[in-house]
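Below are some notes for a colleague who is meeting this structure for the first time. Please read them with the model open beside the text.

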Amino acid sequence: MGRIEEVFERLAGEKSKAFMPFITACDPTVEATVAAAGALEDAGADIIELGVAYSDPLADGPVIQDSYSRVLGAGLGVEDFLKAAGAIRCNTRIPLVAMVSCSIVSRRGPTRFVGLAAEAGIDALIVPDLPPEEAGELVAAASAARLGTVFLAAPTTKKKRLREIVRASCPFIYYVSVIGTTGARDSLPVELADGVRAVKSLTDKPVVVGFGVSSAATAASVAKVADGVIVGSAIVRVIA
């Protein structure tokens, strides 16, 4: 059993939900990311998601886009992300999930990238622009290295497609709360609960919700139906 599975098993026993903050790796420095991860763990984070800066983010709103621009503008890249992840791993067993573009993975090749990520202590990869039917090589490499590969489901995902995503995604499913990009919102769609229940009806795997969760109130509402809550832009804004 991996670190992520251990967390969800523990939380299920405690009848609690996972808090999964997102931070952009190396924003503004490697050392700052290591310090932020430690502070988040001390504050109660269960899993930490590290965003790998990319020049053409697929689904990120302006706050995270700006953080990526700061990282790239400072000349920091994938090697620095791996350095930050490795330094965090030296200090803690908290699970680390990397949000990374398919282009970054493809440039090094799935097997090499997975090897580097595993060596740095990453537990799972989220590659938002890689559909499950195109992910065979990455999934195989990740499985061999005992890394998870997490896929996204959205409110617009049809049931047939949802079954494919649920089958491919491991060790949890990332449910996108809104039709749109990341970013803090005052409220989330009323249909969110039904969407999460639709995913959970197809699997025993944990379902974690991200996009738009920006306050304790919205996080608490999401936690009523999901197994975990991702908070990104609200935290990245504080770091900025």
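1. Strand S1 (residues 18-24), helix H2 (residues 30-42) and strand S2 form a β-α-β unit that is right-handed, meaning that, with the strands pointing away from the viewer, the path from the first strand over the helix to the second runs clockwise. Helices (H or I, at least four residues) and strands (E, at least two) are DSSP runs, numbered from the N terminus.

2. This is a predicted model, in which local features need pLDDT of at least 70 and side-chain atom pairs count only at pLDDT 80 or more, while totals for chains, interfaces and linings use all residues. Residues are numbered from 1 along each chain as its sequence is written, and side-chain values use heavy atoms, with hydrogens and water left out.

3. S1 and S2 run parallel and are joined by three bridges, where two strands pair if DSSP finds at least two bridges between them; Thr24 has Gly51 as its bridge partner in S2. S2 also runs parallel to strand S3 (residues 96-99), with four bridges between them, and Glu49 stands opposite Val97 in S3.

4. Within S2 (residues 48-51), Ile48 and Leu50 point one way and Glu49 and Gly51 the other, yet all are buried (under 20% relative accessible area, with a 1.4 Å probe and protein chains only).

5. Elsewhere, the axes of helix H6 (residues 110-120) and helix H7 (residues 136-144) come within 9 Å and cross at roughly 35 degrees, the axes being lines fitted to C-alpha atoms over the stretch in contact, with angles running from 0 to 180 degrees between N-to-C directions. The contact (heavy atoms within 4.5 Å) involves Pro110, Thr111 and Val114 of H6 together with Glu137, Leu138, Ala141 and Ala142 of H7.

Notes. Buried < 20%, exposed > 50% of the residue type's maximum accessible area, 1.4 Å probe, protein only.
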